[in-house]
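My notes follow, in the order in which I looked things up.

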Amino acid sequence: MIRRYGQYPYTAALIHGGPGAAGSLGCVAKRLGDMGYGILEPFQSGYTIETLVRELESQLRTKARQPIYLVGHSWGAWLSIIFASRHPEAVKSIVAVGCAPFDEKYVSHITTARMKKFTPDDRLMYERLVIEISENCCETNFTKHLLNIIQKVDNHDALHCRECEIADMNFDQRAYNVIWSEATRIRKSGGFAEILAKVQCPIHVIHGYNDPHPYYAVEEYLKECGVDYYSTLLDNCGHYPFHEKACSDKFYEVLKKIFQR
């Protein structure tokens, strides 16, 4: 499934997060379409990274004018980079929004940042759910509850978003469990260095200063890998820059400048 916004030619595709959060960038796609850009919003439906890459290649080949801008949020930033490493001719530039660390050594920084923001009750619930998921190999309904608690602290001062509420209701927990497990194996093995070495287009990082996913982890890894990248750090901003009251307008201004390059 793929949604289209604005008018042809479609020059940018928004790659949703999760994995399994199809539709979570609908509000971004709509606003960019209203601004005059031709935007695609692909919905990923596979249950392996290989399947997702093949699916995205088919969607973009038939609908987009290539090379195209890929704007990936969270997990979508990883998928965009993996896709660009396989199909460098198809991607003009990658915008990595709220990207997770590529190096395993920074994962503990995320948990530490979240723990500082949790209420005592949410901290206890978080710890219980982590144990439940670990003991049940992630094949439980606990994952969605855990993500709901995490989302409370991943935002800074967020706006209400109806499109994201719908995406949350349709969240594919199986996709999250299976694909994220595969993706973290890549990270633990140091596999992103090899993937990034095959990316030929520039990467623009947009990150919130208050995002528990540390911005310095992403920048340091890209620098170590010799990647051609740019970086925009947004103040008073969490994991979802397009929802933040203080900087959502700035987020779209940055995207406009990227699309003009």
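**Strand pairing.** I began with strand 5 (residues 91-97) and strand 6, which pair in the parallel sense over four bridges. My strands (E, at least two residues) and helices (H or I, at least four residues) are DSSP runs, numbered from the N terminus. Two strands pair if DSSP finds at least two bridges between them. I looked up a residue pair here: Ile94 stands opposite Ile203 in strand 6. Next I took strand 6 and strand 7, which run parallel and are joined by six bridges. There the bridge partner of His204 is Tyr230 in strand 7. I then followed the chain from strand 6 through helix 10 (residues 215-224) to strand 7, and this β-α-β crossover is right-handed. Right-handed means that, with the strands pointing away from the viewer, the path from the first strand over the helix to the second runs clockwise.

**Ground rules.** This is a predicted model, so I note its limits: local features need pLDDT of at least 70, side-chain atom pairs count only at pLDDT 80 or more, and totals for chains, interfaces and linings use all residues. Residues are numbered from 1 along each chain as its sequence is written, and side-chain values use heavy atoms, with hydrogens and water left out.

**Cover of strand 6.** How many residues of strand 6 are buried? I found six of its six residues (203-208) buried. Buried means under 20% relative accessible area, exposed over 50%, partly exposed in between (1.4 Å probe, protein chains only). Ile203, Val205 and His207 point one way from the strand. His204, Ile206 and Gly208 point the other way, and all are buried.

**Helix 8.** I checked the length of helix 8 (residues 173-188). The expected span of a helix is 1.5 Å times one less than its number of residues. For the 16 residues of helix 8 that gives 22 Å, and the end C-alpha atoms are 22 Å apart, which agrees. At the N-terminal end I found a cap: a side-chain oxygen of Asp172 lies 3.2 Å from the backbone nitrogen of Arg174. I count a polar contact as a pair of N or O atoms within 3.5 Å; within protein, one must be able to donate a hydrogen and the other to accept it, and residues adjacent in sequence count only if both atoms are side-chain atoms. Buried residues of helix 8 include Gln173, Tyr176, Asn177, Ile179 and Arg187. Just after the helix, Gly190 takes a positive phi of about 75°.

**Loops and backbone.** I went looking for cis peptide bonds. One joins Tyr8 and Pro9, with omega about 5°. Pro9 is in the loop between strand 1 (2-5) and strand 2 (12-15). Another cis bond joins Gly18 and Pro19, with omega about -5°. Pro19 is in the loop between strand 2 and helix 1 (26-34). Ser24 is also placed between strand 2 and helix 1. Its side chain reaches the backbone oxygen of Ala21 at 2.9 Å. Ser24 counts as buried at 12% relative accessibility.

Ser74 has a phi of about 60°. Its place is the loop between strand 4 (68-73) and helix 3 (75-86). Is Ser74 buried or exposed? At 15% relative accessibility, it counts as buried. Asn236 has a positive phi of about 50°, and lies in the loop between strand 7 (229-234) and helix 11 (248-259). Asn236 is partly exposed, with a relative accessible area of 42%.

**Cysteines.** How many disulfides does the structure hold? I found zero. The cut-off is a pair of cysteine sulfur atoms within 2.5 Å. The sulfur of Cys247 is 3.4 Å from the closest cysteine sulfur, in Cys237, too far for a bond. Cys247 counts as buried at 4% relative accessibility. For Cys201, the closest cysteine sulfur is in Cys99, 13 Å away, also too far for a bond. Cys201 counts as buried at 8%.

**Whole chain.** Last, I took the totals. The protein has 11 helices and seven strands. Its radius of gyration is 17 Å, close to the 18 Å that the globule rule gives for 261 residues, so it is as compact as a globular protein of that length. The radius is taken over C-alpha atoms, and the rule is 2.2 Å times the number of residues to the power 0.38. The C-alpha atoms fill a box of roughly 50 × 35 × 35 Å, taken along the principal axes. Of the 261 residues, 52% count as buried.
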